[in-house]
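Hi everyone, thanks for coming.

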Amino acid sequence: MQRTAPDPQREPDPDPPVGLPVLPELAAHLAAAADRTEAEPPGGGAPLRTAACGYWARRGQATTPDRLLVAPGAPALLLALYAAADGTVVLPRPCSEWYAPPARLLGRPVHLAPVPAESGGVPDPFALLETVRRARMHGDSPRVLVLSVADDPTGTCPAPEQLHEVCEAAAEEGLWIISDETRRDLLHDPHDTVLVSPAEMLPDEVVVLTDLRATLVPASWPAALARFPATDRGTVLRAAALDALTAIPVPIPGPVGCAVTHALGESDEVRARTATMARVYGTLAAALHHTVTEAGAVCRPPHSGSHLYADLEPLRRPLAARGIVESHALERKLAPWGARGGHRFGDAPGTLRVRLGAEALLGADRELRQRVLTAPDPLELPHVTEALTALSRALTGLITSAGG
């Protein structure tokens, strides 16, 4: 078990990715609603939540508007959920960098349970049980497990049987399961990857969370959904989460709410963009995986989203000769490729792990990013090839320059 604490010396985050070009259809709906002066009410207005019902129904998770909440981004929703659950939080290690900060903001302890070798996104079930046991020994009361079926940072998807074991263990310990399904629509090969939601396994114990900015709307439009169980406990949890959201005076702007409502209808153009994103990210992430493993890193093959998580521990000796002995330094050396060190995802700072993202290969301006989206093979574009070649050379330089 690893327990985390707030870090007052936390270094600034790297610049966020600029995102993909905005779909003209969505831009038009935003412009059409520009004169709307009122913001979305806390939890989302009826039209927005009704549109979200259709979004979930198309994914096999029928629901009603009174079982949903909408908020300006997944971190805000997670903060509200942690506040509503009122207890200690358990997270997989590594996990998305936005899982822990809301708990720390509330002063809630965070306990980390390592993921198995097969995939990220969920803790090993035995490690989960041991983490919960030790947390209780320390006087904490674990109430929430956050997991991801399409994981960031590792870009992997847990097998259904693995997911089922973890969910059963969490339910036996009385934990709410928050299933982050933000990247479920970005499977690189939908015919070769089985994705099952925990809500299909334990519908009474799972809150499903998704940040729409990963797939459906531009990165600068804050919108996320939470779907609650149709039970008395689910009703109580939703009401408490809504109270917490009401106390956060950061609503979704009215024009953005209108545009997101349209996006949730998933027109042909919106669905085509999502499919293109999945294809492009799959191609670029596979190329990144080949590059880092050719250099000697250990890395799970990515199956979803735009990221992968490379472990350079096998290269510790040559990296140490260059003064690179922890993930902060590794992040700085690989910054041009969107690197974020493992310390940001719950791993110890002394590890040599780093997340790399396909966004860094898209190009610096809108024209280059659009070319990547429309190219039959993004790897044939000069700026993509140059970025991958430069990464390969940088890794080779780090592990050979000092040792000869």
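Let's start with the sheet: in what order do the four strands stand, and is the pairing parallel or antiparallel? The order is 9-10-12-11, the sheet is open, and the pairing is antiparallel. Strands here are DSSP runs of E with at least two residues, helices are runs of H or I with at least four, and both are numbered from the N terminus. Two strands count as paired if DSSP finds at least two bridges between them. Strand 9 (298-299) and strand 11 are at the edges with a single partner strand each, so one side of each has no neighbour in the sheet.

Before I go on, a word on the source: this is a predicted model, where local features need pLDDT of at least 70 and side-chain atom pairs count only at pLDDT 80 or more, while totals for chains, interfaces and linings use all residues. Residues are numbered from 1 along each chain as its sequence is written, and side-chain values use heavy atoms, leaving out hydrogens and water.

Now, strand 12. Strand 10 (residues 307-311) runs antiparallel to strand 12, and five bridges join them. Ala310 sits opposite Val354, and Asp311 has Arg353 as its bridge partner. With strand 11 (residues 340-341), strand 12 makes two bridges, again antiparallel; here Arg340 partners Arg355.

Is strand 12 enclosed or open to the outside? Four of the five residues in strand 12 (residues 353-357) are buried, so the strand is largely enclosed by the rest of the structure. Buried means under 20% relative accessible area, exposed means over 50%, and partly exposed is in between, with a 1.4 Å probe and protein chains only.

Helix 10 (residues 268-294) lies across strands 9, 10 and 12, at about 10° to strand 10. Angles run from 0 to 180 degrees between N-to-C directions, with axes fitted as lines to C-alpha atoms, for helices over the stretch in contact; contact means heavy atoms within 4.5 Å.

Next, a helix pair. Helix 2 (residues 46-57) packs against helix 9 (residues 254-264) at about 25°, with the axes 8 Å apart. Among the residues that meet are Leu48 and Tyr55 from helix 2, and Val260 and Leu264 from helix 9.

Last stop: Arg369, in helix 13 (residues 366-374). Is Arg369 buried or exposed? Buried, with a relative accessible area of 9%. From Leu334, Arg369 is 35 residues away in sequence and 21 Å away in space, C-alpha to C-alpha.
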